[in-house]
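Have a look at the fold first, then read on.

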Amino acid sequence: MARIESVDIFLVDLPPKTVRTDAVQSFERQETPIVRITDSDGAVGVGYSYTIGTGGSAVARLLDEHLAPMLPGREAEDIEGLWRDLMYRVHATTVGALTSIALAAIDTALWDLRARRAGLPLHRLAGGAKDRIALYTTESGWLHLPAQALVEGCQQARADGLRGAKLKVGRPHVSEDVARIAAVREAMGEGWEIMVDANQGFSLPEAIRRARAFEALDLAWLEEPIHADDVHAHRRLSESTGLPIAVGESLYSLSQFKDYLHSGACSVVQVDVGRIGGITPWLKVAHLAEAYNVPVCPHFLMEIHVALCCAVPNSRWLEYIPQLDLITESRLRIEDGHALPSQEPGLGIAWDWAAIERLAGSRSRHG
């Protein structure tokens with residue numbers, strides 16, 4: 001057992017590896033808050049989270065001025081207690097994205113520290129349910145791409161060993177979405193999994209219309225069809241179609257997932273460790289979904305979700321969007337269409353500290 005000695009905070013901007021567009025936005029850059037925690041024995045844990053282009057400076061200020069100062073002197077193993085104390089410190093701003101993003105950076109650092117001290121990879125420390133997870137790509141499916149580019153991207157992804165692809169939907173007319181999906185289905189055949197993502201771009205009537213138009217195309221799921229706050233609309237949509245409905249990247253608390261699952265408003269949970277507030281609440285959501293016999297297919301952050309997917313029994317897919325290459329020396333290991341978690345103690349991410357120091361737009365230290 002060791003107490004927290006110091007906390008370092010870095011904010012690094014990472015450009016997207018490719019142009020990324022969807023029905024409501026474009027991915028400008030990944031603002032990446034990184035938290036490094038050192039304990040009194042000299043052990044180090046590193047965590048991180050992200051934005052897609054705005055709010056990163058606010059997250060860094062929240063960490064620097066309100067959350068990180070609470071950590072020095074605390075017992076690093078008291079992760080549950082620390083998470084609750086930090087959350088209640090900023091209770092007036094929860095539930096919300098900025099608070100959850102800040103909490104996630106600290107919480108993942110604490111889990112990394114725990115796993116490193118225990119000499120265990122995260123996927124074993126957090127559950128050890130499996131040793132691999134099926135992998136699909138989103139990088140070949142952005143909304144601005146024409147149908148032929150979607151096909152070529154999927155063909156390349158299959159050649160690279162992946163098993164499916166997510167296509168963005170939300171073109172002005174349903175026929176455009178159908179034509180793009182159909183082109184991929186025809187080219188890739190029945191064995192290729194296709195997911196589609198509307199990024200909250202539809203009203204309920206339009207979501208019902210498009211879901212029914214998509215049903216013949218054998219899709220794995222329709223993701224975020226309606227604004228994430230509207231549980232009732234998602235329930236009505238789920239009742240109107242046999243297409244699985246996926247939600248989660250824009251939910252920020254265990255209670256929000258509880259409402260969706262209890263209402264039968266979704267059939268795939270996409271809990272995001274960077275938006276739910278870290279590994280501590282992520283695991284609670286995953287086990288809650290298991291109680292409802294609902295699969296977990298997390299959004300983004302593949303470098304950490306590979307371990308979490310292998311920690312729980314009800315995970316089904318991992319999303320391939322590489323984004324940390326500029327500041328890490330490790331890469332995702334892919335074998336026969338599956339991602340394999342690192343066997344190294346901790347999160348399994350080898351950080352390039354020289355690059356982080358060079359790219360950091362701001363940094364601070366406590367302790």
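Ala-134 has His-338 as its bridge partner in strand S12. That strand covers residues 338–340 and pairs with S4 in the antiparallel sense over 2 bridges; two strands count as paired if DSSP finds at least two bridges between them. Strands (E, at least two residues) and helices (H or I, at least four) are DSSP runs numbered from the N terminus.

This is a predicted model, where local features need pLDDT of at least 70 and side-chain atom pairs count only at pLDDT 80 or more, while totals for chains, interfaces and linings use all residues. Residues are numbered from 1 along each chain as its sequence is written, and side-chain values use heavy atoms, with hydrogens and water left out.

**Around S4**
- S4 also pairs with strand S10 (residues 317–320), this time parallel, through 4 bridges.
- Within that pairing, Tyr-136 sits opposite Glu-319 of S10.
- S4 itself (residues 133–137) is mostly covered, with 5 of its 5 residues buried, meaning under 20% relative accessible area with a 1.4 Å probe, protein chains only.

**The four-stranded sheet**
- An open sheet of 4 strands runs in the order S3-S2-S1-S13, with antiparallel pairing.
- S3 (44–48) and S13 (360–366) are the edge strands with a single partner each, so one side of each has no neighbour in the sheet.
- S2 (residues 30–39) is joined to S3 by 5 bridges, and Val-35 has Gly-47 of S3 as its bridge partner.

**What packs on it**
- Helix H3 (residues 97–118) packs on this sheet, touching S1 (4–14), S2 and S3; contact means heavy atoms within 4.5 Å.

Key
Axes are lines fitted to C-alpha atoms, for helices over the stretch in contact, and angles run from 0 to 180 degrees between N-to-C directions. Buried means under 20% relative accessible area, exposed over 50%, partly exposed in between (1.4 Å probe, protein chains only).
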